[in-house]
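Subject: Structure for your files

Hello,

Here is the structure we discussed. My notes follow below it.

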Amino acid sequence: LTDGPLKGKHILVTSGPTHEPIDPVRYIANRSSGAQGTAIAIALRDLGADVSFVTGPADVPPPLGLRVIPVETAREMKAAVEAALPAEAAVFAAAVADWRVASESGSKIKKTQGKLPILEFSENPDILAGVSQMAEGRPRLVVGFAAETDDVIAHATEKRKRKGCDWIVANDVSPATGIMGGTENAVTLISERGADEWPRMGKDEVARQLAYRIADHLVQN
Ligand code: C5P
């Protein structure tokens, strides 16, 4: 099983949502299940890769046979990614929260009669952009995801340029598609060569196809 084309290659995968604390008992989160990121980690492992799997609190259990680094917040995820590098390739499938609560309360915020809490936000670091733009030690292949609800290809193409990653796996997460939290995905792979639209298939199959392409790329470049 470990004798595949990615044998001996270290690949980093981020997955799952992040949780951004409000106080010790409350947090802000998103609907990412971690299913696609987990499937990608498994597919890379099955091609022989040495996988570091940095995961937020996901619905699906982390796979066996790889290095699991559990994190909660975007800032913890960034630190874990930096600690896991260098890697030959990095796949950023996590749904990182764009914002965190500016001043997390150290004690539980009390319900006070006639007074509603107001939350202020700060921007989280963009982990994908940071790694894509590393001056030294950048992975040879950096893959990001783009979950969009409209103009998927145009937005993802722009995102690829802005973040500086090599590939973007773009998908339409409009509620009607049932993709977020579901078992299927319909993705378009955006690279310097343009947009390659894949048919709708299981998330496991998307993961396998992506892992094959990553293996091809690392062998050829
Ligand atoms: O900008 P947007 O959140 O749509 O970008 C999605 C891509 O960027 C995903 O690959 C995600 O893992 C990555 N990302 C990140 N750090 C953030 C926000 C997004 O790595 N703070």
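Which residues of α5 are buried? They are Lys203, Val206, Ala207, Leu210, Ala211, Ile214, Ala215 and Leu218, where buried means under 20% relative accessible area, exposed over 50%, and partly exposed in between (1.4 Å probe, protein chains only).

Some conventions before the rest. This is a predicted model, in which local features need pLDDT of at least 70 and side-chain atom pairs count only at pLDDT 80 or more, while totals for chains, interfaces and linings use all residues. Residues are numbered from 1 along each chain as its sequence is written, and side-chain values use heavy atoms, with hydrogens and water left out. Helices (H or I, at least four residues) and strands (E, at least two) are DSSP runs, numbered from the N terminus.

Helices

Helix α5 covers residues 203-220; its 18 residues should span 26 Å at 1.5 Å a residue, and the end C-alpha atoms are 26 Å apart, which agrees. The expected span is 1.5 Å times one less than the number of residues.

Helix α1 (residues 35-46) has 12 residues and reaches 16 Å from first to last C-alpha, close to the expected 16 Å. Its buried residues are Gln36, Gly37, Thr38, Ala39, Ile40, Ala41, Ala43 and Leu44. They pack against β1, β4 (50-55), β6, β9, β11 (184-185) and α5, a contact being heavy atoms within 4.5 Å. Just after α1, glycine 48 has a positive phi of about 100 degrees.

Helix α4 (residues 152-163) also has 12 residues, and its 16 Å from first to last C-alpha is close to the 16 Å expected. Buried in α4 are Val152, Ala156, Lys159, Arg160 and Lys163. Viewed down the helix axis, these buried residues fall within an arc of 100 degrees, so they line one face of α4; the arc is that of the directions from the helix axis to the C-beta atoms. An α-helix has 3.6 residues a turn, so residues three or four places apart point the same way. The elements that the buried residues of α4 pack against are α3 (127-132), β9 (141-148), β10 (167-172) and β12 (187-191). Glycine 164 follows α4, with a positive phi near 85 degrees.

Glutamate 148, in strand β9, is buried at 11% relative accessible area. Leaving aside residues up to four places away in sequence, glutamate 148 touches His155, Ala156, Lys159, Asn171, Asp172, Val173 and Ser174.

Salt bridges

A salt bridge here is a side-chain nitrogen of Lys or Arg within 4 Å of a carboxyl oxygen of Asp or Glu. By this rule the count comes to 13. Three of them are described here.

- Arginine 140 pairs with glutamate 88, the closest N and O atoms being 2.6 Å apart. The pair links distant parts of the chain, 52 residues apart: arginine 140 is in the loop between α3 and β9, glutamate 88 in the loop between α2 (74-84) and β6 (89-92). Arginine 140 is partly exposed at 36%, as is glutamate 88 at 25%.
- Aspartate 23 pairs with arginine 26, with 2.5 Å between the closest N and O atoms. Aspartate 23 is buried at 2% relative accessibility, whereas arginine 26 is partly exposed at 33%.
- Arginine 45 and aspartate 46 meet at 3.0 Å, N to O.

Around lysine 9

Lysine 9 sits in the segment before β1 (10-15) and is buried, with a relative accessible area of 18%. Not counting residues up to four places away in sequence, lysine 9 touches Ala49, Asp50, Glu88, Arg140 and Leu218. Glycine 48 is 39 residues from lysine 9 in sequence and 7.8 Å from it in space, C-alpha to C-alpha.

One backbone point

The peptide bond from leucine 85 to proline 86 is cis, with omega near 10 degrees. Proline 86 is in the loop between α2 and β6.

Regards
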